[in-house]
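User: I would like to go through this model step by step. Could you start once it is on the screen?

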Amino acid sequence: MKFYIGASEPNHWKPFAQLIKWYSRKSYSHTYIRYQDNFTKQYLISESSKGEAHKIGLSKWYLSNTILEEYEIEVSEEILRVILTRINNRLQASYSERNIVGIPFYDFAEYLGSGFLMRLITKLFADGIDSTICSESTAFTLGLLGIKFNRPNDFLRPDHVIETLKKAAITEDYIKRLT
């Protein structure tokens, strides 16, 4: 069974998206998960944006977003069920402004190579499972497939997720880059 993880940007100017693109030096500002509902056969987008984790139909999502990069991931029905159950259990989790604010601080501590500062920033800004950001949600899903990141999911930017997927698409035969 297939699902997709990708990177996108809004179709119209949004200051926060522009800030993310500027800070990460990438053309995208957002990550999402796309999958097909088995009952309706409709494609759905699972994302964390606009204040919460939610699902939206692909055709409606396209009205405000453009896909810039997307990866197809082939998994067993059992793994996809685990992923979709996790998505459903996280619906309406609030969007984490604390994580967003913490990202540049974590980046700076990482740049300095200070494990102490990274741990301190994690204690101050990570808010666990009560809230989420887009890259945290997609990274958690990739973690279910054994793909790991070198920092806490709370402080991942969209480019961390996409760069990791790019590398995995080279070495893992169940991941394929589409765009």
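User: Which exposed residues sit on the face of H1 turned away from its buried side?
Analyst: Pro15 and Trp22 are the exposed residues carried by that face of H1. Please note that the model is a predicted one.

User: And which residues of H1 are buried?
Analyst: The buried residues in H1 are Ala17, Ile20, Lys21 and Ser24. Around the helix axis they cover an arc of only 95°, which puts them on the same side of H1.

User: What covers the buried residues of H1?
Analyst: The cover includes strand S1, residues 2–10, and helix H7, residues 158–171.

User: What follows H1?
Analyst: Arg25 follows H1, and its phi is positive, near 60°. Arg25 is not a glycine, despite that positive phi. Its place is the loop between helix H1 (15–24) and strand S2 (30–36).

User: Is Arg25 buried or exposed?
Analyst: Arg25 is exposed, and its relative accessible area is 74%.

User: Now to the other loop residue on my list. Where does Gln92 lie?
Analyst: Gln92 is in the loop that runs between helix H3 (77–89) and strand S6 (94–95). Gln92 also has a positive phi, near 70°, in a residue other than glycine. With a relative accessibility of 62%, Gln92 counts as exposed, the cut-off for that class being over 50%.

User: Let us move on to H5. Which of its residues are buried?
Analyst: Helix H5 covers residues 115–125, and Met118, Ile121 and Phe125 are buried in it. Viewed down the axis of H5, these buried residues fall within an arc of 65°, so they line one face of the helix.

User: What do the buried residues of H5 pack against?
Analyst: They pack against helix H4, which spans 97–112.

User: And which residues are exposed on the other side of H5?
Analyst: On that side, Phe116, Arg119 and Lys123 are exposed.

User: You mentioned H4. Where is Glu97, and is it buried or exposed?
Analyst: Glu97 belongs to helix H4. At 53% relative accessibility, Glu97 counts as exposed.

User: How many Å apart in space are Glu97 and Ser114?
Analyst: Their C-alpha atoms are 23 Å apart in space, and the two residues are 17 positions apart in sequence.

User: Changing topic to the whole chain: how many helices and strands does it have?
Analyst: The protein chain has 7 helices and 8 strands. Its C-alpha trace spans about 50 × 35 × 30 Å along the principal axes.

User: What does the radius of gyration say?
Analyst: The protein chain has a radius of gyration of 16 Å, which agrees with the value near 16 Å for a compact globule of 179 residues.

User: What percentage of the residues count as buried?
Analyst: Of the 179 residues, 49% count as buried. The accessible surface of the chain comes to about 9600 Å², and carbon and sulfur atoms contribute 58% of that surface.

User: Finally, how many Å apart are the mean positions of the positive and negative charges?
Analyst: The mean positions are 2 Å apart, for 23 positive and 21 negative charges.

Key: Residues are numbered from 1 along each chain as its sequence is written. This is a predicted model: local features need pLDDT of at least 70, side-chain atom pairs count only at pLDDT 80 or more; totals for chains, interfaces and linings use all residues. Side-chain values use heavy atoms; hydrogens and water are left out. Helices (H or I, at least four residues) and strands (E, at least two) are DSSP runs, numbered from the N terminus. The radius of gyration is taken over C-alpha atoms; the globule rule is 2.2 Å times the number of residues to the power 0.38. Buried means under 20% relative accessible area, exposed over 50%, partly exposed in between (1.4 Å probe, protein chains only). Accessible areas come from the Shrake-Rupley method with a 1.4 Å probe; for residues, only the protein chains shown count as cover. Lys and Arg count as positive and Asp and Glu as negative; His and the chain ends are not counted. The place of a charge is taken as NZ of Lys, CZ of Arg, CG of Asp or CD of Glu. The arc is that of the directions from the helix axis to the C-beta atoms. Contact means heavy atoms within 4.5 Å.
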